[in-house]
Amino acid sequence: MLGNIVIDILTDADLGFPIILMAVLIAIFMTMVAYSTFYERKVAAWIQDRYGPNRAGPKGLLQPVADGIKFFVKEDFLPDHADKALFILAPALSFVVALLGIAIIPWGGYLEWFGSERIPVQVASIDIGLVYLLAVGAMSVYGVALAGWASNNKYSFYGGMRAAAQTLSYEVPLGLAILVAVLACGSLRLEDIVASQALTTWNVFLHPVAFAVMFTCVLAETNRLPFDLVECEQELVGGFHTEYSSMKFALFFLGEYGHIIVSSALMVALFFGGWQPIPWVGWLTESTAWWAVALRIGIYFGKVAVFLFVFMWIRWTLPRFRFDQLLSLAWKGLVPLGLALVAWGGVLAYVGEDGWKEIGPRSFWAPVGELLLLEVAMIAVKLVSRPTGRQTNMPPVAAAS
Amino acid sequence: MADWKETDIVEIEGPRLGAGQMMYVPEILAGMKITLKHLFRKRKGRDRFVVQYPEERREAPETYEHGQKAGLPLRSDGYRGLHRLNRDERGNVACVACFMCSTACPANCIHIEGGEAPWDYREKYPVKFEIDELRCIYCGMCEEACPVNAIELAYEYDLVGTSREEMVLDKEALLAVYDRTKGRKPRLNPPITGYPDTGHRQA
């Protein structure tokens with residue numbers, strides 16, 4: 001009796017499928033987050049001609065387990081002067097918000113669940129998928145800003161304030177770059193965006209500059225180097241997580257990697273054709289067989305892993321931006337460029353399918369237009385550029401008489 | 001300050017960046033190419049710099065020709081590691097309990113109790129000789145102060161313990177360090193006193 005009810009629920013496409021998928025995704029996601037710390041340390045070590053963790057288990061593969069045990073048994077210190085409630089809330093918030101994003105990522109195309117019609121392989125298929133993801137992604141700043149505030153420590157506070165300014169600034173070009181992809185695909189549902197890339201080609205070939213803008217913004221949103229001013233050790237002693245220890249600190253770490261994974265998944269969906277294995281070839285798009293779904297999920301996570309590597313590669317290559325450089329890159333560089341890209345995307349969408357038959361292939365004109373825009377931007381930057389060194393608005397100090 | 005003239009102020013023009021440099025992208029890619037090259041460097045490249053510590057060690061200088069062992073950088077000749085208390089030619093502790101080292105010690109980590117030597121050829125010897133290795137700053141002033149070169153800093157550097165008490169080495173422990181390390185001359189630190197030493201310097 002009870003067993004039948006459970007089976008009914010689990011075989012239901014609207015109820016059981018999201019629950020099972022959620023369980024599977026959280027398992028994959030948590031493993032991936034834990035191992036991305038290991039991956040990061042390995043990449044860092046290789047880039048610096050070192051070995052990285054190689055003691056715990058074969059090839060150091062049990063290092064995340066060792067780290068986890070260490071974090072759990074360490075003293076969980078609560079500073080006397082901290083705002084207790086917010087201090088505890090902040091790491092939980094930053095981790096939960098990172099987890100929320102995976103709900104709408106279209107991990108594996110479509111499948112049939114126990115005789116149902118074709119349903120997308122995602123926990124929640126909602127009309128405003130992208131808006132939801134943007135909203136949840138922007139909420140991640142709360143974790144950092146609250147941590148900085150609640151620690152009641154000036155360095156943490158600086159970190160929190162920087163996080164707020166930085167995230168707010170980079171939300172704008174991020175939204176503009178996403179808008180370009182939305183204009184190209186005509187939907188806010190991520191599964192539709194991925195499916196429409198199966199018909200034409202991956203958006204990165206049509207909109208390379210928009211992808212570059214988005215990638216830069218994601219680096220800033222996730223507080224990764226070269227934009228990690230929020231926690232820079234040399235200036236802020238660790239920034240917002242200076243006062244945190246034990247598992248609370250670990251939650252910030254996991255939240256950061258979770259945010260990176262979700263952002264990478266978003267970029268894969270918007271610009272790299274989601275689960276599609278090869279651009280221009282519509283292979284693996286129609287099948288709803290189990291092996292096809294599993295393969296598509298595997299491909300998706302593979303692409304995310306490549307993105308993770310690029311994030312780490314950049315982190316161990318570039319030095320940190322200065323804060324004014326960071327903000328002027330956003331407001332003077334990426335926002336105008338993003339606006340121009342959206343205008344160009346609007347022109348592309350306005351011409352429409354019939355128009356492209358007369359003018360020529362859209363896959364030619366779209367990237368050409370974007371690169372021209374970038375060229376114009378570079379020339380503009382060249383024209384207004386000032387020599388480095390002494391700032392012109394700071395005249396030399398007059399000689400003392 | 002009052003001597004400053006307008007001509008003393010020199011305006012320096014920084015290098016003017018090109019458009020590519022202002023847009024960051026080409027320079028970033030150039031940097032990423034370098035790091036990628038290092039990333040795919042195989043074991044051989046890493047082994048030039050990395051010592052897999054518990055299995056591999058930077059050995060004392062004289063055991064290898066300099067730089068020969070897989071390019072491992074060797075420890076410097078003047079390395080100041082764990083203390084040792086030398087023995088005289090009859091195998092007894094060479095220290096004459098003169099308190100020069102504990103007087104010279106800036107960290108106050110040497111504690112000596114002197115007493116009459118039980119041997120007929122010596123007058124004084126340390127009944128107790130303790131060094132708190134956690135307080136020690138390994139400056140080497142004790143060995144410079146010692147008139148008979150009884151205390152020296154050996155090359156051992158892996159000193160571990162589970163309690164503070166354990167890290168206070170007594171006379172037996174320091175003599176044991178000597179027994180372990182006597183095959184190697186610890187430092188190229190010439191005796192600065194004119195006293196006859198125990199002969200270990202010339203070893």
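The legends below walk through several close-up views of a predicted model.

Local features are described only at pLDDT of at least 70 and side-chain atom pairs only at pLDDT 80 or more, while totals for chains, interfaces and linings use all residues. Residues are numbered from 1 along each chain as its sequence is written, and chains are lettered from A and ligands numbered from 1 in the order in which they are written.

**View 1. Chain A as a whole.** Welcome to chain A, with its 14 helices and 2 strands. Helices (H or I, at least four residues) and strands (E, at least two) are DSSP runs, numbered from the N terminus. Buried residues account for 44% of the chain. A residue is buried if 20 or more other C-beta atoms lie within 10 Å of its own, exposed if 12 or fewer, and partly exposed in between, with C-beta atoms placed from the backbone.

**View 2. Helices α5 and α6 of chain A.** Here α5 (residues 129-150) and α6 (residues 154-185) have axes that come within 8 Å and cross at roughly 170 degrees. Axes are lines fitted to C-alpha atoms, for helices over the stretch in contact, and angles run from 0 to 180 degrees between N-to-C directions. The two helices are therefore roughly antiparallel, a label for angles over 145 degrees. Look for A:Leu134, A:Val141 and A:Trp149, which are among the α5 residues at this meeting, and for A:Phe157, A:Met161 and A:Ile178, which are among those of α6. Two residues are in contact if their C-beta atoms, placed from the backbone, lie within 7 Å.

View 3. In the loop between α5 and α6 of chain A sits A:Asn152. This residue has a positive phi of about 55 degrees although it is not a glycine. Most residues other than glycine have a negative phi. A:Asn152 counts as partly exposed because it has 16 C-beta neighbours inside 10 Å.

**View 4. The largest nonpolar core.** This core holds 111 residues, of which A:Ala177, A:Ala181, A:Met214 and A:Met267 touch the most other members. Helix α11 (residues 246-271) of chain A gives the largest share, 16 residues. A nonpolar core is a set of buried Ala, Val, Leu, Ile, Met, Phe, Trp, Tyr and Cys residues joined through C-beta atoms within 7 Å. Beyond neighbours up to four places away in sequence, A:Met267 touches A:Met214, A:Phe215, A:Val218, A:Phe272 and A:Phe307.

View 5. Of the 10 residues of α7 (residues 190-199) in chain A, 7 are buried, including A:Glu191 and A:Ala195. These buried residues pack against β2 (118-120), α5, α6, α8 (203-206) and α11. The C-alpha atom of A:Ala195 is separated by 9.1 Å from that of A:Gln276, 81 residues apart along the chain. A:Gln276 is in the loop between α11 and α12 (290-315) and is buried, with 25 other C-beta atoms within 10 Å.

**View 6. B:Tyr138 in chain B.** Chain B has 6 helices and 5 strands, and buried residues make up 18% of its 203 residues. B:Tyr138 is in the loop between β3 (124-132) and α5 (141-145). Its phi is positive, about 55 degrees, although B:Tyr138 is not a glycine.

Note on methods: Angles under 35 degrees count as roughly parallel, over 145 as roughly antiparallel, 65 to 115 as roughly perpendicular and the rest as oblique.
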